[in-house]
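Here is a guided walk through a single protein chain, written for someone who likes to keep the coordinates open alongside the text. Have the viewer ready, and let's look at sheets, cores and charged pairs in turn.

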Amino acid sequence: MRITKLYMDTVVDIQVVTRKEVKEVEEKINRAFLAFQRVEEACSRFSPSSELMKACQDVGRPVEISPYLFEPLYFALQIAQMTNGLFDPTIGKVMEEYGFNRHYLTGSMINSPYAETVTYQEILLNQATRTLTIMKPLVIDLGAVAKGFAIDLAARELIDFEGFVINAGGDIFAGGLNEMGSPWEIGIQHPYQRDLLVETIKLSNEAICTSGSYERKNQTNPSLHHIVNPNTKSSPNHLVSSSIVAPFAMMADAFSTVAFLLGEEKGKEVIEELNLKGLLITPELKIIRAGGI
């Protein structure tokens, strides 16, 4: 069975292999899609009514938040610490100013208050009380972890099937085996020719996520795209694509961004230090493989 819906400005495609009854299959797939809905309602920075944007209105005061926001934010802060701020979820206001500020369903634009200088260190999370405190006006962007988190939650709903694939715009978790009893074959898109693949890899119970400079560009400045270095406020262009294979999608999602920001050599080093697998592509279509992929 295969069903497609729209969440997070992305076509989400869920395919399952099973001999279970249709009604049971539909119920599980619907619960998987519900995971995307809940994460979007919690983590969207494009909607003033999201849990994230509401929480950011209370500067200096702890706000209790749901697990749908706490978990990806906690993970994002861990990656920020690990990378000394190269990966920083407070990049949201910069993204707004670069034109990534329009809600994909309503078309409405958001313009948030912010302090001149902010870093991830202005975000405090308390695990015991599950509260978020921001110390300055800032805009949190969870675009590099939220979709992966939603994929992981959806995968939990489908774990009993013989096989399944969740594909959210090229960010993928492949569970179990395909109809032939083999690992799933996943294609990596050519960065310049959407209909072509540069690689096909086999996955079972693993995720692959790709960050590409070709996906979302600034409308007036083609050198700017949706991956921005928080330190330089510029978009790196020494890679056009970074694909990471990891045990779960939130990790693959985050480190595809980290590797893209680090570039060819340091990106490969980080992938291999963490025992991940990756495929990095330069603008000249040179392919750098890491971790035995």
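An open sheet is built from three strands in the order 3-5-4, with antiparallel pairing. Strand 3 (63–64) and strand 4 (123–126) sit at its edges with a single partner strand each, so one side of each has no neighbour in the sheet. Please keep in mind that this is a predicted model.

Which strand does strand 4 run against, and over how many bridges? Strand 4 is joined antiparallel to strand 5 (residues 131–134) by four bridges.

## Strand 2 and its two partners

Now turn to strand 2, which covers residues 10–17. On one hand, strand 1 (residues 2–7) pairs with strand 2 in the antiparallel sense over six bridges, and Arg2 stands opposite Gln15 of strand 2. The hairpin that strands 1 and 2 form has two residues between the strands, and Met8 there takes a positive phi near 55°. On the other hand, strand 2 also pairs with strand 6 (residues 163–168), again antiparallel and over six bridges. In that pairing, Val12 faces Ala168 of strand 6.

Is strand 2 mostly enclosed or open? Seven of its eight residues are buried, so strand 2 is largely enclosed by the rest of the structure. Val11, which belongs to this strand, is exposed, because its relative accessible area is 51% and the cut-off for exposed is over 50%.

In soluble globular proteins, nonpolar side chains tend to be buried together. The largest nonpolar core here has 74 residues, and the members that touch the most others are Ile14, Phe36, Ile140, Leu142, Leu158 and Ile166. Helix 6 (residues 249–262) supplies the largest share of this core, with 10 residues. Another core lies apart from it, made of 14 residues, among them Val165, Ile201, Ile208 and Leu279.

Beyond its neighbours within four places in sequence, Ile140 is in contact with Arg45, Leu52, Cys56, Leu73, Pro89, Ile123 and Ile134.

## A buried serine and an exposed asparagine

Helix 6 also contains Ser256. Its relative accessible area is 0%, so Ser256 counts as buried. With neighbours within four places in sequence set aside, Ser256 is in contact with Cys209, Thr210, Ser211, Ser242 and Ile244.

Asn275 is found in the loop between helix 7 (264–273) and strand 12 (277–281), and at 72% relative accessibility it counts as exposed. From Asn275 to Ala290 the C-alpha to C-alpha distance is 9.3 Å, with the two 15 residues apart in sequence.

## Salt bridges

How many salt bridges does the structure hold? There are 11 of them. One of these links Glu157 with Arg31, whose closest N and O atoms are 3.2 Å apart. Glu157 lies in helix 5 (residues 146–158) and Arg31 in helix 1 (residues 22–43), so this pair ties together parts that are 126 residues apart in sequence. Both ends are partly exposed: Glu157 has a relative accessible area of 28%, and Arg31 one of 39%.

A salt bridge of another kind of reach joins Glu199 and Arg289, at 3.0 Å from N to O. Here strand 9 (residues 197–203) holds Glu199 and strand 13 (residues 287–290) holds Arg289, so parts that are 90 residues apart in sequence are tied together. Glu199 counts as buried at 17% relative accessibility, whereas Arg289 is partly exposed at 38%.

Finally, Lys93 forms a salt bridge with Glu96, the closest N and O atoms being 3.0 Å apart. Because the two are three residues apart in helix 4 (residues 92–97), about one helical turn separates Lys93 and Glu96. Lys93 is buried, with a relative accessible area of 8%, and Glu96 is buried too, at 4%.

Methods
Residues numbered from 1 in each chain as written. Predicted model: local features only at pLDDT ≥ 70, side-chain atom pairs only at ≥ 80, totals over all residues. Heavy atoms only, no water. Buried < 20%, exposed > 50% of the residue type's maximum accessible area, 1.4 Å probe, protein only. Core = buried A, V, L, I, M, F, W, Y, C linked by side-chain atoms within 4.5 Å. Contact = heavy atoms within 4.5 Å. Pairing = 2+ DSSP bridges. Salt bridge = Lys/Arg side-chain N within 4 Å of Asp/Glu carboxyl O.
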